[in-house]
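Trainee: I have a protein model on my screen and would like to learn how to read it. Could we go through some features together?

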Amino acid sequence: MDAFEKVRAKLETQPQEEYEIINAEIKHGGFVYYQEGCCLVRSKDEEADNDNYEVLFNLEKLKLDQPFIDCIRVAPDEKYVAAKIRTEDSEASTCVVVKLCDQPVMEASFPNVSSFEWVKDEEDEDVLFYTFQRNLRCHDVYRATFGDNKRNERFYTEKDPSFFVFLYLTKDSRFLTINIMNKTTSEVWLIDGSSPWDPPVLIQKRIHGVLYYVEHRDDELYILTNVGEPTEFKLMRTADDAPAIMNWDLFFTMKRNTKVVDLDMFKDHCVLFLKHSNLLYVNVIGLADDSVRSLKLPPWACGFIMDTSSDPKNCPFQLCSPIRPPKYYTYKFAEGKLFEETGHEDPIIKTSRVLRLEAKSKDGKLVPMTVFHKTDSEHLQKKPLLVHVYGAYGIDLKMNFRPERRILVDDGWILAYCHVRGGGELGLQWHTDGCLTKKLNGLADLEACIKTLHDQGFSQPCLTTLTAFSAGGVLAGALCNSNPELLRAVTLEAPFLDVLNTMMDTTLPLTLEELEEWGNPSSDEKHKKYIKRYCPYQNIKPQHYPSVHITAYENDERVPLKGIVNYTEKLKKAVMNHTKNTGEGYQAPNIILDIQPGGNHVIEDSQKKITAQIKFLYEELGLDSTTVFENLKKYLKF
């Protein structure tokens, strides 16, 4: 907490335009490792708030355009540090290994690394395990050593193309886990953290529909899994020398409509970070006496930011919302209390309101919404509304802090986040009820949310806008076809719009991996007919449409540019035909495709993208954007 106060005080002395978010930071031993400028550096923990640091590696040596450090791992005895380095316009990454000595030197570099972890063998030699990613598929695990005994060998290859592999080191460093997963099924192998050359041990062979994740403490495995009824996550445990599923004992169950966000393991406690009925909770389980303490977190909070602290006495984390920067909290086990960061209170807490609402979908299901607006706003029906939606893969709608969202609220906008089926906000079943041949549930939920907002006096169709990115484009595009009169304008980023043709093209890197989300139209006629019912590209027709602004990326491997271009051209033709048939006086919508260079899928902090989208929304609604762009300059470097 003292360190945070020092950093915050330093930031407050700088102009807002110079505010930067540190990309990656890790504490190990008495040092903090982080990025400073274009360098990987370290400093003593107590000096982390000043400029007294040691440069370990200059990122400019990689000759990349604006590189940043995405992840850092330090070898157990601090002989080496490994860092994954990326650029904003590409998903490709390079892992560099730096030898820590009087004159730090790069020992090795590996391209296309996804996850990586250090362990130490019986002879005190550091071993780096890492996964190699090719065409967005991560199937190979390697292990490497450095110094006099240098080697690099492939350790494991996953044969099923629908699965991917990632590595995780248990909190106590006892085991390195090899996690082999697809969207619905997982399998975990254990590598002894002190004997990494021994063969790995299988916990449980993959069973279709069974997901599980593993932590370790005091000779026991703690397993977060959906096995059994109901098929929601529950916590189980077993001895680490008897890991098979028949030995798993139920330890803790979640309430209905609960999403497990994360789990953290400590010496005497297990901490669960939960979302229940659209509100955040922390459950602290005492492992000595199996006691449970459930803490309801402040209602303004919409998301967790996890901390990698190794302090056994405290559990630190941050809370955030789309319009409020992260705030630090610490649960102290000895006191059994939650402490929040003290100091300056963000004024947004008094100038804005956050509401938790529900909409009734056409099948009677209640769909949660999170709504933000200014406290002193009058005549909300005349205010502009920006609706957010995703609804896929069991992933929650992103509700991290975004300066431009806060600026919109300050300028009188209403923000509404619709947690529709297909996402994960209410647990695994919420996702199941919105995928495959239930995908139309998500569309019905979105329609119900917007209509409910209008009925309750939040804006009106001529002032309503919708935004989505990636797979959220499916529901946004489907709504433009089925109920365009609900919307005035739409912004899409790297949107998935041609579901049918994409899922029939098995040469694309993610098609096989995503069959359990969208179905297999190539071999299943039922899936093909169902996808045709909602696929945005397939259902374009001559009719009135809202104005649409699409941001696409030239070399995006996840959502190919070709599908977005085809959608845009077909939509423009439909608009043109409708305009001709409607006659004079009809104001045709604007259809804009903005193709950005680069190969990343979504560039969240792109100033050019943010500026273009806000400019588009204000122009379409006929609003004065002078104030909003003046305020935006405080946060973005123009």
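Trainee: Which residues form a negative surface patch here?

Mentor: First, a word on the model. It is a predicted one, where local features need pLDDT of at least 70 and side-chain atom pairs count only at pLDDT 80 or more, while totals for chains, interfaces and linings use all residues. Residues are numbered from 1 along each chain as its sequence is written, and side-chain values use heavy atoms, with hydrogens and water left out.

Mentor: Now the patch. Patches are made of residues with over 30% relative accessible area and no salt bridge; like charges are joined within 9 Å, and nonpolar side chains (Val, Leu, Ile, Met, Phe, Trp, Tyr) within 5 Å. The areas come from the Shrake-Rupley method with a 1.4 Å probe, and for residues only the protein chains shown count as cover. Lys and Arg count as positive and Asp and Glu as negative, with His and the chain ends not counted. A charge is placed at NZ of Lys, CZ of Arg, CG of Asp or CD of Glu. In this model, Glu122, Glu123, Asp124 and Asp198 form a negative patch.

Trainee: Where is Glu122 found?

Mentor: Helices (H or I, at least four residues) and strands (E, at least two) are DSSP runs, numbered from the N terminus. Glu122 sits in the loop that joins strand 9 (113-120) to strand 10 (126-134).

Trainee: What about Phe116: is it buried or exposed?

Mentor: Buried means under 20% relative accessible area, exposed over 50%, and partly exposed in between (1.4 Å probe, protein chains only). Phe116 belongs to strand 9 and is buried, with a relative accessible area of 2%. From C-alpha to C-alpha, Phe116 and Leu366 are 41 Å apart in space and 250 residues apart in sequence.

Trainee: How should I read salt bridges, and how many does the structure hold?

Mentor: Side chains of opposite charge can pair when their charged atoms come close. The cut-off is a side-chain nitrogen of Lys or Arg within 4 Å of a carboxyl oxygen of Asp or Glu. The structure holds 30 salt bridges. One of them joins the side chains of Glu158 and Arg206, at 2.9 Å from N to O. Glu158 lies in the loop between strand 12 (151-157) and strand 13 (164-169) and Arg206 in the loop between strand 16 (201-204) and strand 17 (212-217), so this pair ties together parts that are 48 residues apart in sequence. Glu158 is buried at 6% relative accessible area, whereas Arg206 is partly exposed at 23%.

Trainee: Which residue forms a salt bridge with Arg402?

Mentor: That partner is Glu404, and the closest N and O atoms are 3.1 Å apart. Both Arg402 and Glu404 are buried. Another bridge links Lys438 with Asp433, at 3.7 Å from N to O. Here Lys438 is partly exposed, with a relative accessible area of 38%, and Asp433 counts as buried at 12%. Elsewhere, salt bridges with shared partners join Arg217, Asp218, Lys267 and Asp268 into one network.

Trainee: How many disulfides does the structure hold?

Mentor: A disulfide is a pair of cysteine sulfur atoms within 2.5 Å. The structure holds zero disulfides. For Cys38, the nearest cysteine sulfur is that of Cys39, 6.3 Å away. For Cys320, the nearest is that of Cys302, 7.6 Å away. Cys38 is partly exposed, with a relative accessible area of 22%, while Cys320 is buried at 3%.

Trainee: What should I look for in the backbone?

Mentor: Most residues other than glycine have a negative phi, and most peptide bonds are trans. In this model, the peptide bond from Glu229 to Pro230 is cis, with omega near -10°. Pro230 is in the loop between strand 18 (220-225) and strand 19 (234-239).

Trainee: Which phi does Asp219 have, positive or negative?

Mentor: Asp219 has a positive phi of about 65°, although it is not a glycine. Its place is in the loop between strand 17 and strand 18, and Asp219 is exposed, with a relative accessible area of 55%. Ser459 also has a positive phi, of about 60°. Ser459 lies in the loop between helix 5 (439-455) and strand 33 (464-469) and counts as buried at 1% relative accessibility.
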